[in-house]
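Q: Could we go through this one together? I'd like to learn how to read the packing and the pockets.

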Amino acid sequence: MTSIEWYNTANVDEQKLGMKKRQLLIGSLFFLTSFFLAQSVVFEAAVPFSVPFWAIIRTKYKEYAKYVLFGGLIGCVFLGLGQVFILALQIIMYECIMRFRYWQLPQSIAVSLAVLLVQIMWQGVMYQGLPPVLVQFYVGCEAALALIMTLFMQVLFVNSHEWFTSHWTYEKLGSGLVVFAAMLTGMQAIVISYFSLPIFLLQLFICFGALVGSVPLATVIGAVLGTLIGVAKLSFTGMLSVATLTGLCAGMGARVGRFGVAIGSILPSVFFLFYDATLPLDSVYFTSIAVGSIVFLTIPNKYSEKVRDKLFPQREEILLARKIG
């Protein structure tokens with residue numbers, strides 16, 4: 001009897017420890033996501049992507065809300081104390097709007113309205129009156145971007161408990177790419193010697209997408225990520241072309257295998273290096289994509305197979321039907 005009780009107690013303790021590790025892992029992931037979203041810059045102006053993320057996590061995962069709050073506030077510190085106060089006020093304004101009992105606004109509208117009201121008041125105080133037209137335009141763009149990002153996050157986090165149990169729809173995949181691209185714009189300052197984290201991750205994701213879904217998936221990943229990164233760097237068409245062609249060539253190289261993907265993903269950058277001298281293709285860029293390609297070659301096949309099964313759950317049945325037919 002004693003041994004059975006000891007076994008049950010040990011089993012329960014192991015389950016609790018595993019649950020705590022899982023919560024810490026998810027909390028750390030949400031912290032980093034909020035941290036980088038808080039530093040997202042588009043058209044050389046900070047955008048309030050942390051507010052939509054707070055709204056979604058606050059609604060669906062209250063136990064992780066503190067990680068999102070601290071991550072966003074700490075991320076804003078690198079943009080200035082003023083940005084920290086703005087984010088805090090926007091979150092408070094959002095909570096006030098959602099808790100107001102006499103109206104029930106959709107979450108996306110509440111986020112956009114909170115961003116708009118706080119920015120109007122803040123800019124009014126800064127300019128001691130009506131701000132310039134250009135500032136008003138930027139404020140309107142921030143509110144619109146906050147609304148759009150909230151809609152994407154709602155699609156990404158709907159029924160998130162099914163991430164590991166059911167297939168991934170193209171809507172959820174597209175929303176995930178948009179959120180990830182917003183995070184990449186917040187990583188622009190992370191450059192260590194000749195290594196750039198956002199360029200490394202961009203290369204890694206394009207190569208992995210080419211291995212999993214060949215040309216279509218790699219091209220979509222390159223186009224979506226390249227578009228937002230190009231907008232953030234004010235080099236829209238250039239970076240969009242580089243990223244899209246990188247996905248296309250990497251997908252075409254998938255027929256040869258991993259090395260074909262890695263080599264094909266580098267060729268467009270070499271071409272644009274001689275074709276367009278205005279693009280930011282320097283030693284940091286090429287070192288980062290080289291490291292990304294090398295890391296891609298070390299990824300075990302089991303991970304690509306799992307992702308392929310989530311994206312294309314019917315592929316085995318289709319192949320079997322073709323063989324029978």
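This is a predicted model: local features need pLDDT of at least 70, side-chain atom pairs count only at pLDDT 80 or more; totals for chains, interfaces and linings use all residues.

Q: Which residues have the most contacts inside the largest nonpolar core?

A: Phe30 is one of them, along with Phe53, Ile57, Met153 and Phe157. That core holds 63 residues, and its largest share, 15 residues, comes from helix H8, residues 197-232. Apart from it sits another core, of seven residues, including Val242, Phe272, Leu279 and Ile289.

Q: Now the pockets. What lines the second largest pocket?

A: Look at who is nearest the centre, then at where the lining comes from. Twelve residues line this pocket, and Phe49, Leu145, Met149, Val178 and Leu228 lie nearest its centre. Helices H6 (133-156), H7 (170-185) and H8 each supply at least two lining residues. The space inside is about 190 Å³.

Q: How many of the lining residues are nonpolar, polar or charged?

A: Eleven are nonpolar, one is polar and none is charged.

Q: And the cysteines: how many disulfides are there?

A: The general idea is that a disulfide covalently bonds the sulfur atoms of two cysteines. Here the count is zero, taking sulfur atoms within 2.5 Å as the rule.

Conventions
Residues are numbered from 1 along each chain as its sequence is written. Side-chain values use heavy atoms; hydrogens and water are left out. A nonpolar core is a set of buried Ala, Val, Leu, Ile, Met, Phe, Trp, Tyr and Cys residues joined through side-chain atoms within 4.5 Å. Buried means under 20% relative accessible area, exposed over 50%, partly exposed in between (1.4 Å probe, protein chains only). Helices (H or I, at least four residues) and strands (E, at least two) are DSSP runs, numbered from the N terminus. On a 1 Å grid over the protein atoms alone, a cavity is a set of points where a 1.4 Å probe fits but cannot get out, and a pocket is an open set with protein on both sides within 12 Å along at least five of seven lines; lining residues have an atom within 4 Å of a point. Grid points are joined across faces, edges and corners, and a volume is the space filled by probe spheres set on the points. Ala, Val, Leu, Ile, Met, Phe, Trp, Tyr, Cys and Pro count as nonpolar, Asp, Glu, Lys and Arg as charged, and the others, Gly among them, as polar.
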